[in-house]
Amino acid sequence: MTAAAPPVHTNAMVKAIAVGVALGLIAQVLRQVPGQTMQFGAATAPWLSIGFALAVWAVRLRAPGRVLIGYLMAWLVAYHLLFALGQSVALSAAFREALPWLILALPVCLVLARVATLATASGAIADLCLAVPIAWSVPETLENVQRGDIVVAAAIALLAFLPLAASQRRDIRLLTFVIGAVVLGGLAVLVGPVVRGQIHS
């Protein structure tokens with residue numbers, strides 16, 4: 001008698017955790033390399049865009065929340081753990097640095113899982129939901145443009161379109177999508193620094 005195969009959503013979550021660990025390690029390695037590579041490794045938007053794309057992909061498996069939580073928690077742990085090991089920092093210090101982000105990650109994942117689900121539907125709300133990762137990428141894209149790190153800015157901007165590809169939608173209203181990206185991006189520019197200022201890590 002053969003053992004039952006694990007549920008599809010469990011497999012998806014395991015894969016998301018593996019991706020999160022791999023990308024968390026890559027981000028920390030990139031952060032240690034001086035120059036534009038450091039700016040990309042230290043960014044937040046591109047790694048979150050990848051996680052959101054995974055959540056959009058997982059909607060068809062009915063597991064966007066599990067996948068996003070698995071990915072983001074694994075990313076944060078791997079990122080800060082490698083920082084501690086690479087810089088000979090006490091694990092307790094690394095944990096204190098990661099803790100605010102880990103606390104914030106759970107509600108963010110729950111909200112973004114809902115946004116990912118809506119993004120795979122059709123209509124104006126779905127179009128706006130797909131514009132969300134574009135919006136949260138605007139502040140870091142502009143910051144890197146101002147520093148002259150054009151390659152990093154382009155990479156962050158391009159990864160923001162990954163959820164759009166993951167949705168496989170063909171009925172997007174371009175005008176709604178663009179207006180949503182501009183309006184939400186403007187809000188992100190205004191609110192982003194305030195939010196980041198509340199997290200002392």
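1. A polar contact here is a pair of N or O atoms within 3.5 Å; within protein, one atom must be able to donate a hydrogen and the other to accept it, and residues adjacent in sequence count only if both atoms are side-chain atoms. Under that rule, a polar atom of the Arg169 side chain lies 3.3 Å from the backbone oxygen of Ala119. The Arg169 side chain also reaches the backbone oxygen of Ala121, at 3.1 Å.

2. On the basis of the note: this is a predicted model, in which local features need pLDDT of at least 70, side-chain atom pairs count only at pLDDT 80 or more, and totals for chains, interfaces and linings use all residues. Residues are numbered from 1 along each chain as its sequence is written, and side-chain values use heavy atoms, with hydrogens and water left out.

3. Overall make-up. The chain has 9 helices and 0 strands, where helices (H or I, at least four residues) and strands (E, at least two) are DSSP runs numbered from the N terminus. Its radius of gyration is 17 Å, close to the 17 Å that the globule rule gives for 201 residues, so the chain is as compact as a globular protein of that length. That radius is taken over C-alpha atoms, and the globule rule is 2.2 Å times the number of residues to the power 0.38. Along the principal axes, the C-alpha atoms fill a box of roughly 60 × 50 × 30 Å.

4. Buried residues make up 40% of the 201 residues; buried means under 20% relative accessible area, exposed over 50%, and partly exposed in between (1.4 Å probe, protein chains only). Of the contacts with a separation of 6 or more, 75% come from residues 24 or more positions apart, a contact being heavy atoms within 4.5 Å.

5. Surroundings of Arg169. This residue sits in the loop between α8 and α9. At 8% relative accessibility, Arg169 counts as buried. Not counting residues up to four places away in sequence, Arg169 touches Ala119, Thr120, Ala121, Ser122, Gly123, Ala126, Asp127 and Leu130. The two backbone oxygens named in the opening point belong to Ala119 and Ala121.

6. Nonpolar core. A nonpolar core is a set of buried Ala, Val, Leu, Ile, Met, Phe, Trp, Tyr and Cys residues joined through side-chain atoms within 4.5 Å. The largest one has 43 residues, of which Trp47, Phe52, Tyr71, Leu72 and Trp75 touch the most other members. The elements giving two or more residues to this core are α1 (8–31), α3 (45–58), α4 (64–86), α5 (91–119), α6 (124–147), α7 and α9. Helix α3 gives the most, with 9 residues. In soluble globular proteins, nonpolar side chains tend to be buried together.

7. Helix α3. This helix has 14 residues and reaches 20 Å from its first C-alpha to its last, close to the 20 Å expected at 1.5 Å a residue; the expected span is 1.5 Å times one less than the number of residues. Of the 14 residues, 12 are buried, including Trp47, Ile50, Gly51 and Phe52. Leu54 is also found in α3. Apart from neighbours within four places in sequence, Leu54 is in contact with Val19, Val67 and Tyr71. The C-alpha atoms of Leu54 and Ala165, 111 residues apart along the chain, are separated by 11 Å.

8. Helix α4. Its 23 residues reach 32 Å from first C-alpha to last, close to the 33 Å expected at 1.5 Å a residue. Tyr71 touches Ala16, Ile17, Val19, Gly20, Leu23, Trp47, Ile50, Gly51 and Leu54, not counting residues up to four places away in sequence. His80 is placed in α4 and is buried, with a relative accessible area of 6%. Leaving aside neighbours within four places, His80 is in contact with Ala94, Glu97, Ala98 and Trp101. Ser88 follows α4 and has a positive phi, near 55 degrees.

9. Aromatic pairs. Rings of Phe, Tyr and Trp (its six-membered ring) pair if their centres lie within 6.5 Å; planes under 30 degrees apart count as stacked, over 60 as edge-to-face and the rest as tilted. By this rule the count is 5 aromatic pairs. Phe161 and Phe177 form a tilted pair, 6.4 Å centre to centre with 50 degrees between the planes. Phe161 lies in the loop between α7 (150–159) and α8 (162–167) and Phe177 in helix α9 (residues 174–197), so the pair ties together parts that are 16 residues apart in sequence. Phe161 is partly exposed at 38% relative accessibility, whereas Phe177 is buried at 7%. Phe40, Trp47, Trp75 and Tyr79 form one aromatic cluster.
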